[in-house]
Amino acid sequence: MKKIIVTATALVATAAFALTGCSAERGGDTGSGSGEEAAGFAADSSIGVALPDKTSENWVLAGKLFTDGLEEAGFKADVQYAPASNTVAEQQNQIQAMVTNGAKVIIIGAKDGKQLATQVQAAKDAGAYVIAYDRLIENTEAVDYYVAFDNFKVGELQGQALLDGLEARAGHEAPYNIELFSGSPDDANSKVFFDGAMSVLQDKIDDGTLNVVSGQTEIAQTATEGWLPENAQNRMDTLLTSSYSGDTVVDGVLSPNDTLARAIITSVQQAGKPVPVVTGQDSEVESVKSIMEGVQYSTINKDTTLLVEQAIKMVGQLQAGDTVDVNDEESYDNGAKIVPAYLLDPVIVTKENAAEAYANVPSLLEIVESYQ
Ligand code: BGC
């Protein structure tokens, strides 16, 4: 028995040595070279970061934070954005190139989480780890970890903010006229945000507190292709014409993020109607200003700095051969496996709590304070 264990240990050591040798061949520093079989890969390895098109400020910021943070941690950072056109195919090519170039970890903010199975499998086959960042990658076993803000909770907070905002601002008792918007159907988050919001709103729709005047309550009817503001604005224009003629007022709109919230508000303003209670997400600069001016009602603080830090921490743990921190091993079934996740806590932000909510985000705190 003892002999078998020894043999097995020797095998593990040999495998680890082979792996280390492999990175040395690619010109990597093998670290101390003392045969520490725990080490996952060389400390100066290349780490790929494939981000989607820049549909909100958080993606713009993430790229810079990944480049700086990974370099600071001693890695080579290969950060790529998918361009706005031909986005899915371009992102597939970028990930494939990262695999070919020997990236040891590939962090992916998916454009379309259902269309990356081939590329992430290629990464696995090449011995790289795959981390889904912010958006889940679906229908493949080749995703090792998921790091994101708790998406369902984001939706719950948005649903609750809509209810609270209506009570505070509609200027009349229920029933309240509302409309619902969701994100892009190719982003796995969109359904989770919507389900979270509906977990709060559905009962109130059923008991008549909320009246979705258009009758459009199915996610497919509420979707915003590509997360594009012009699509949300067009849909809102159409809803106003078809369901809010004459004196009929829309009291509230569930918007899944800030970019779309501002487009929805523009549509209502252009129609000459009073601005409804509109939710959001991402704490974009223009929306924080709008909230402080009493126009947009709420947003969500998902501090990108913290999310990028957590992703880089995972890379460090993989590099060192340590256990990777996860705090949720049941919520994110991607259709092929439950992906172990590290979920951060989103925070609701309204005018009332903005100073407190952004206490650790100096750039936003400064904006809030300029209104006080
Ligand atoms: C992110 C949101 C963002 C949206 C559009 C989602 O996957 O979680 O924060 O607003 O994409 O970019």
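Colleague: Where does Thr87 sit?
Modeller: In this predicted model, Thr87 is part of helix H3, which covers residues 87–100.

Colleague: Is Thr87 buried or exposed?
Modeller: Buried, because its relative accessibility is 8% and the cut-off for buried is under 20%.

Colleague: Which backbone oxygens lie 3.0 Å from a polar atom of its side chain?
Modeller: That of Pro83 is one, at 3.0 Å, and the backbone oxygen of Ala84 also lies 3.0 Å from a polar side-chain atom of Thr87.

Colleague: And what does Thr87 touch, leaving aside neighbours within four places in sequence?
Modeller: Asp53, Ala82 and Lys111 are its contacts then.

Colleague: What lines the largest cavity?
Modeller: There are 14 lining residues, and Ser56, Asn58, Trp59, Trp227 and Asp282 lie nearest the centre. Helix H2 (57–72) and helix H6 (188–206) are the elements that each give two or more residues to that lining. By class, the lining has three nonpolar, six polar and five charged residues.

Colleague: Which domains does that lining draw on?
Modeller: Domain 1 (8–150 + 303–346) and domain 2 (151–301 + 351–357 + 364–370), with at least three residues from each.

Colleague: And the second largest cavity, what's its lining by class?
Modeller: Five nonpolar, five polar and no charged residues. Among them are Gln158, Phe181, Phe194 and Pro256. H6 gives the largest share of this lining, three residues.

Definitions and conventions. Residues are numbered from 1 along each chain as its sequence is written. This is a predicted model: local features need pLDDT of at least 70, side-chain atom pairs count only at pLDDT 80 or more; totals for chains, interfaces and linings use all residues. Side-chain values use heavy atoms; hydrogens and water are left out. Helices (H or I, at least four residues) and strands (E, at least two) are DSSP runs, numbered from the N terminus. Buried means under 20% relative accessible area, exposed over 50%, partly exposed in between (1.4 Å probe, protein chains only). A polar contact is a pair of N or O atoms within 3.5 Å; within protein, one must be able to donate a hydrogen and the other to accept it, and residues adjacent in sequence count only if both atoms are side-chain atoms. Contact means heavy atoms within 4.5 Å. On a 1 Å grid over the protein atoms alone, a cavity is a set of points where a 1.4 Å probe fits but cannot get out, and a pocket is an open set with protein on both sides within 12 Å along at least five of seven lines; lining residues have an atom within 4 Å of a point. Ala, Val, Leu, Ile, Met, Phe, Trp, Tyr, Cys and Pro count as nonpolar, Asp, Glu, Lys and Arg as charged, and the others, Gly among them, as polar. Domain bounds come from an automatic or database domain assignment.
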